[in-house]
Amino acid sequence: MKIFREKDYDAMSRRAATVIAGEIVHNPACLLGLATGSTPEGAYKYLVDWYKQGLISFKDVLSVNLDEYKGLSPEHDQSYRYFMQQNLFNHVDIRPENTRVPNGLAADPQEECAQYDAYIRSLG
């Protein structure tokens, strides 16, 4: 594992976005494990900007998110699906069927987690 030190949040965000963009350029059908919260927001802004400039495309990228709140719908402004839509997915050409966030409204959360784990394993 590489650890990078940067002078501030913006530099760290740019570095993270550069690592992600490099993977996308190298392997357009790559699988990204994405996080939510304030830490990755800056990186997502860089990625959106670079997409708008035509420097990268997400059209073949697959993504999985780390988690979701139990009991929240994807449209709830505190859900992780909502966060991803607002901060990245709605602004790039990633196909909706290529994005996965656990279903916070699943009737059986244990089964949802088992299926989610199986999906991730199926991707290698």
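**Exercise 1. How many disulfides does the structure hold?**

Solution. Start with the basis: this is a predicted model, where local features need pLDDT of at least 70, side-chain atom pairs count only at pLDDT 80 or more, and totals for chains, interfaces and linings use all residues. Residues are numbered from 1 along each chain as its sequence is written, and side-chain values use heavy atoms, leaving out hydrogens and water.

Step 1. Apply the criterion: a disulfide is a pair of cysteine sulfur atoms within 2.5 Å.
Step 2. Count. The structure holds zero disulfides.
Step 3. Cysteine 30 has 2% and is buried. Cysteine 113 has 44% and is partly exposed.

**Exercise 2. Give the order of elements in the protein chain, from the N terminus on.**

Solution. 
Step 1. Count the elements. The protein chain has four helices and three strands.
Step 2. Read them off: α-β-α-β-α-β-α.

**Exercise 3. Check the radius of gyration of the protein chain against the globule rule.**

Solution. 
Step 1. Take the radius over C-alpha atoms; the rule is 2.2 Å times the number of residues to the power 0.38.
Step 2. For 124 residues, a compact globule would have a radius near 14 Å.
Step 3. Compare. The protein chain has 15 Å, which agrees.
Step 4. Along the principal axes, the C-alpha atoms fill roughly 45 × 30 × 25 Å.
Step 5. Buried residues make up 36% of the 124.

**Exercise 4. Locate proline 28 and list what it touches.**

Solution. 
Step 1. Find the loop. Proline 28 sits between α1 (9-26) and β1 (31-34).
Step 2. List contacts (heavy atoms within 4.5 Å). Setting aside residues up to four places away in sequence, proline 28 touches Asp60 and Val61.
Step 3. Isoleucine 56 is 28 residues from proline 28 along the chain, and their C-alpha atoms are separated by 9.0 Å.

**Exercise 5. Describe the setting of glutamine 86.**

Solution. 
Step 1. Assign the element. Glutamine 86 belongs to helix α3 (residues 80-87).
Step 2. With a relative accessible area of 39%, glutamine 86 is partly exposed.
Step 3. Relate glutamine 86 to arginine 100. They are 14 residues apart in sequence and 15 Å apart in space, C-alpha to C-alpha.

Note on methods: Buried means under 20% relative accessible area, exposed over 50%, partly exposed in between (1.4 Å probe, protein chains only). Helices (H or I, at least four residues) and strands (E, at least two) are DSSP runs, numbered from the N terminus.
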